[in-house]
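Visitor: I am new to reading protein models. Could you take me through this one by question and answer?

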Amino acid sequence: MAGVKALVALSFSGAIGLTFLMLGCALEDYGVYWPLFVLIFYAISPIPHFIAKRATYDSDATSSACRELAYFFTTGIVVSAFGFPVILARVSVIKWGACGLVLAGNAVIFLTIQGFFLVFGRGDDFSWEQW
């Protein structure tokens, strides 16, 4: 039952993050949909982790080069997702208020993705593969 509660909480926080992103795009004062390109960053951020988990066979090791490279690429993707709306606001493509809403949405979504991997990525008796 704890897994179901975690799944509901993660889906609720994901919905809040996407709401911030949509507000940054669709409010009448902002009305520009360029910030929606951060959805690409949301989709590709877990890919290095999946590749490293698949390629690394020794799960007892505290560190491996493949896992560290995956952390590096994931960090680059997350930093790029936070930098993209700032660059758009800096060149006056979007307004700074929209940038703030997109940054808030980024924080919530990436914390949701991290929470998903913390809750369902352990490989215990209850894992994310069941969903």
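Visitor: How far apart are the end C-alpha atoms of residues 6-25?
Guide: This is a predicted model, where local features need pLDDT of at least 70, side-chain atom pairs count only at pLDDT 80 or more, and totals for chains, interfaces and linings use all residues. Residues are numbered from 1 along each chain as its sequence is written, and side-chain values use heavy atoms, leaving out hydrogens and water. Residues 6-25 are 100% helix and 0% strand. Their end C-alpha atoms are apart by 29 Å.

Visitor: Which residues does UniProt list for "transmembrane region"?
Guide: The entry is unreviewed, and such annotations may be inferred rather than shown by experiment.

Visitor: What pattern does the protein chain follow along the sequence?
Guide: Helices (H or I, at least four residues) and strands (E, at least two) are DSSP runs, numbered from the N terminus. The chain has 5 helices and 0 strands. Its pattern is α-α-α-α-α.

Visitor: Is helix 4 roughly parallel or antiparallel to helix 5?
Guide: Helix 4 spans residues 65-90, and its axis lies 9 Å from that of helix 5. Axes are lines fitted to C-alpha atoms, for helices over the stretch in contact, and angles run from 0 to 180 degrees between N-to-C directions. The angle here is about 170°. Angles over 145 degrees count as roughly antiparallel and those under 35 as roughly parallel, so helix 4 is to helix 5 roughly antiparallel.

Visitor: Is Asn-106 buried or exposed?
Guide: Asn-106 is in helix 5, residues 96-120. Buried means under 20% relative accessible area, exposed over 50%, partly exposed in between (1.4 Å probe, protein chains only). Asn-106 has 0%, so it counts as buried.

Visitor: Which residue has its backbone oxygen 2.8 Å from a polar atom of the Asn-106 side chain?
Guide: Contact means heavy atoms within 4.5 Å. Leaving out residues up to four places away in sequence, Asn-106 touches Val-38, Tyr-42, Ala-81, Phe-82 and Pro-85. The backbone oxygen at 2.8 Å belongs to Ala-81.

Visitor: What is the phi of Ser-92?
Guide: Ser-92 sits in the loop between helix 4 and helix 5. Its relative accessibility is 62%, so Ser-92 counts as exposed. Ser-92 is not a glycine, yet its phi is positive, at about 65°.

Methods:
A polar contact is a pair of N or O atoms within 3.5 Å; within protein, one must be able to donate a hydrogen and the other to accept it, and residues adjacent in sequence count only if both atoms are side-chain atoms. Angles under 35 degrees count as roughly parallel, over 145 as roughly antiparallel, 65 to 115 as roughly perpendicular and the rest as oblique.
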